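Here are my notes for you on this model, point by point. Please have the viewer open as you go through them.

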Amino acid sequence: MKNIKILGILLFGVILINACGDNASDPVTYTNTISNDLNSCAVAGCHVSGFSFGSFANYDDAIVTISFGRILGALRHEDMFFPMPKIGEQWTEERVQRLEDWIKAGMPE
């Protein structure tokens, strides 16, 4: 349990550093933006390759999982959705909106 907490703290730091370094002029793509957000979901036994409820381990897996159409409701903790993430803090609305914008843009790699 202690290792999971330490891993969570480290991942939060990496995500925070990456978020602070984003260049607003860069287009939102999987490679330069979304992968950093989704990688936090593919650790500690959650959403890794082969996970029965969807994987965010790579672009192809993410496309399939997102195509189920449940991710935004889960991240926003809406009624009738299982709230995600199960481990860690709820995503900010800004982060969820970035994901939604990427989905609406056709999920560019």
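1. A definition to begin with: a residue is buried under 20% relative accessible area, exposed over 50%, and partly exposed in between, with a 1.4 Å probe and protein chains only. His77 has 33% relative accessibility, so His77 counts as partly exposed.

2. A word on the source. This is a predicted model, in which local features need pLDDT of at least 70, side-chain atom pairs count only at pLDDT 80 or more, and totals for chains, interfaces and linings use all residues. Residues are numbered from 1 along each chain as its sequence is written, and side-chain values use heavy atoms, with hydrogens and water left out.

3. Now the overall layout. The protein has five helices and zero strands, and its pattern along the sequence reads α-α-α-α-α. Helices (H or I, at least four residues) and strands (E, at least two) are DSSP runs, numbered from the N terminus. Of the 109 residues in the protein, 28% are buried. Taking contacts (heavy atoms within 4.5 Å) with a separation of 6 or more, 50% are between residues 24 or more positions apart.

4. Which residues have the most contacts inside the largest nonpolar core? They are Leu38, Phe56, Ile66, Ile71, Leu99 and Trp102, in a core of 17 residues. The elements giving two or more residues to this core are α2 (30-39), α3 (59-66), α4 (71-75) and α5 (93-104). By nonpolar core I mean a set of buried Ala, Val, Leu, Ile, Met, Phe, Trp, Tyr and Cys residues joined through side-chain atoms within 4.5 Å. As background, nonpolar side chains in soluble globular proteins tend to be buried together.

5. Leaving aside neighbours within four places in sequence, Leu99 is in contact with Ile34, Ile66, Ile71, Leu72, Leu75 and Trp91.

6. Next, the pairing of α2 with α5. These two helices pack at an angle of about 135°, with their axes 11 Å apart. The axes are lines fitted to C-alpha atoms, for helices over the stretch in contact, and the angles run from 0 to 180 degrees between N-to-C directions. Angles under 35 degrees count as roughly parallel, over 145 as roughly antiparallel, 65 to 115 as roughly perpendicular and the rest as oblique; α2 and α5 are therefore oblique to each other. The crossing of α2 past α5 is left-handed, a term for the near helix being turned anticlockwise from the far one by less than a right angle (right-handed if clockwise). On the α2 side the contact is made by Tyr30, Thr33, Ile34 and Asp37, and on the α5 side by Arg95, Arg98, Leu99 and Trp102. The residues of this contact divide into four nonpolar, one polar and three charged. In that count Ala, Val, Leu, Ile, Met, Phe, Trp, Tyr, Cys and Pro are nonpolar, Asp, Glu, Lys and Arg are charged, and the others, Gly among them, are polar.

7. What about α3 and α5? They pack at about 90°, with axes 12 Å apart, and are therefore roughly perpendicular to each other. Here Tyr59, Ile63 and Ile66 in α3 meet Leu99, Trp102 and Ile103 in α5. The contact of α3 with α5 divides into six nonpolar, no polar and no charged residues.

8. Back to α2 for its buried residues, which are Tyr30, Thr33, Ile34, Ser35, Asp37 and Leu38. These pack against α3, α4 and α5.

9. Not counting residues up to four places away in sequence, Glu100 touches Leu72 and Arg76.

10. The loop between α4 and α5 deserves a look at its backbone. Most residues other than glycine have a negative phi, and most peptide bonds are trans. His77, in this loop, has a positive phi of about 55° although it is not a glycine. Met80 is found in the loop too, with a positive phi near 75°; at 76% relative accessibility, Met80 counts as exposed. Pro85 also has its place in the loop, and the peptide bond from Met84 to Pro85 is cis, with omega near -5°.
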